[in-house]
Amino acid sequence: MSDKPQTLVEHLQAFIDDTLTRCTRCGKCYEACPMTKYGEGLQNADAKHVVSGVIDWLQQKPGNAQSVSWLKVCTQSAKCIDACPKGINAMKMVRVAQMSAMGSLGVPAEQAALSGRDAKDFFRVINAFSQTQMTSQQVQKWQR
Ligand code: SF4
């Protein structure tokens, strides 16, 4: 195994690949979220449908409107992490999906869902990456 530190892009791609492989789209992370009652169009939303939209964002495809609503109301409660039966860091999954919905991972700008007034949340997203288990060397490399 190489000792070479991962770039941020490599780190994100490895996380995405792992999540796409292991996530069953069960929706338990969504069901555990305390913020869903505040999201536009999330009342009585189907958890599997919302998560499927998040997974679309991870695949750099525009996700459904309800997935965007969930991405907008996340406050990093982390309740979703313990709820996942597959041990996926669902909060990080949401963070990466937010980046995609911002157009930061390859989704064309015209298809990105979080822009304008939502852009102020971008820095919260960056902040979350300080908790992604990257080594200090990896973080330094990314910050160059
Ligand atoms: S709880 Fe885990 S396996 Fe289920 S949808 Fe969420 S991330 Fe995927």
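Val9 is exposed, as 10 other C-beta atoms lie within 10 Å. In this predicted model, Val9 belongs to helix α1. Its C-alpha atom lies 8.9 Å from that of Leu105, a residue 96 places away in sequence.

The protein contains eight helices and zero strands, so that its elements, read along the sequence, follow the pattern α-α-α-α-α-α-α-α. Of the 144 residues in the protein, 30% are buried. Among contacts between residues at least 6 apart in sequence, 66% join residues at least 24 apart.

Helix α1 spans residues 8–22 and comprises 15 residues. The distance from its first C-alpha to its last is 21 Å, close to the 21 Å expected at 1.5 Å a residue. The buried residues of α1 are Leu12, Ile16 and Thr19. These residues lie on the same side of α1, because they cover an arc of only 65° around the axis. The buried residues of α1 pack against α3 and α6. On the face turned away from this buried side, α1 carries the exposed residues Glu10, Ala14, Asp17, Thr21 and Arg22.

Helix α6 has 12 residues and reaches 16 Å between its first and last C-alpha atoms, close to the 16 Å expected at 1.5 Å a residue. In contrast to a helix with one covered side, α6 is mostly covered, with 11 of its 12 residues buried. The buried set consists of Ala90, Lys92, Met93, Val94, Arg95, Val96, Ala97, Gln98, Met99, Ser100 and Ala101. The charged residues Lys92 and Arg95 are thus included among the buried positions of α6. After α6 comes Gly103, which has a positive phi near 85°.Helix α4 covers residues 65–73, and its buried residues are Gln66, Ser67, Val68, Ser69, Trp70 and Leu71. The elements that cover these buried residues include α2 (28–32), α3 (47–58) and α6 (90–101). Val94, Ala97, Gln98 and Ala101 are among the buried residues of α6.

The largest nonpolar core has 31 residues, and those with the most contacts inside it are Val54, Leu71, Ala97 and Ala101. Helices α1, α2, α3, α4 and α6 each supply at least two residues of this core. The greatest contribution to the core comes from α6, which gives seven residues.

Asp56 is found in helix α3. With 18 other C-beta atoms within 10 Å, Asp56 is partly exposed, since a residue counts as buried if 20 or more such atoms lie within that distance. Not counting residues up to four places away in sequence, Asp56 touches Lys61, Pro62 and Gly63. The C-alpha atoms of Asp56 and Leu20 are separated by 9.7 Å, and the two residues are 36 residues apart along the chain.

Two loop residues other than glycine have a positive phi. Gln60, in the loop between α3 and α4, has a phi of about 60° although it is not a glycine. Gln60 counts as partly exposed, with 14 C-beta neighbours inside 10 Å. Ala78 is located in the loop between α4 and α5 (79–83), and its phi, near 75°, is likewise positive. Ala78 is partly exposed, with 15 other C-beta atoms within 10 Å.

Key. Residues numbered from 1 in each chain as written. Predicted model: local features only at pLDDT ≥ 70, side-chain atom pairs only at ≥ 80, totals over all residues. Helix = DSSP H or I, 4+ residues; strand = E, 2+ residues; numbered from the N terminus. Contact = placed C-beta atoms within 7 Å. Expected span 1.5 Å × (residues − 1). Arc of directions from axis to C-beta. Core = buried A, V, L, I, M, F, W, Y, C linked by C-beta atoms within 7 Å.
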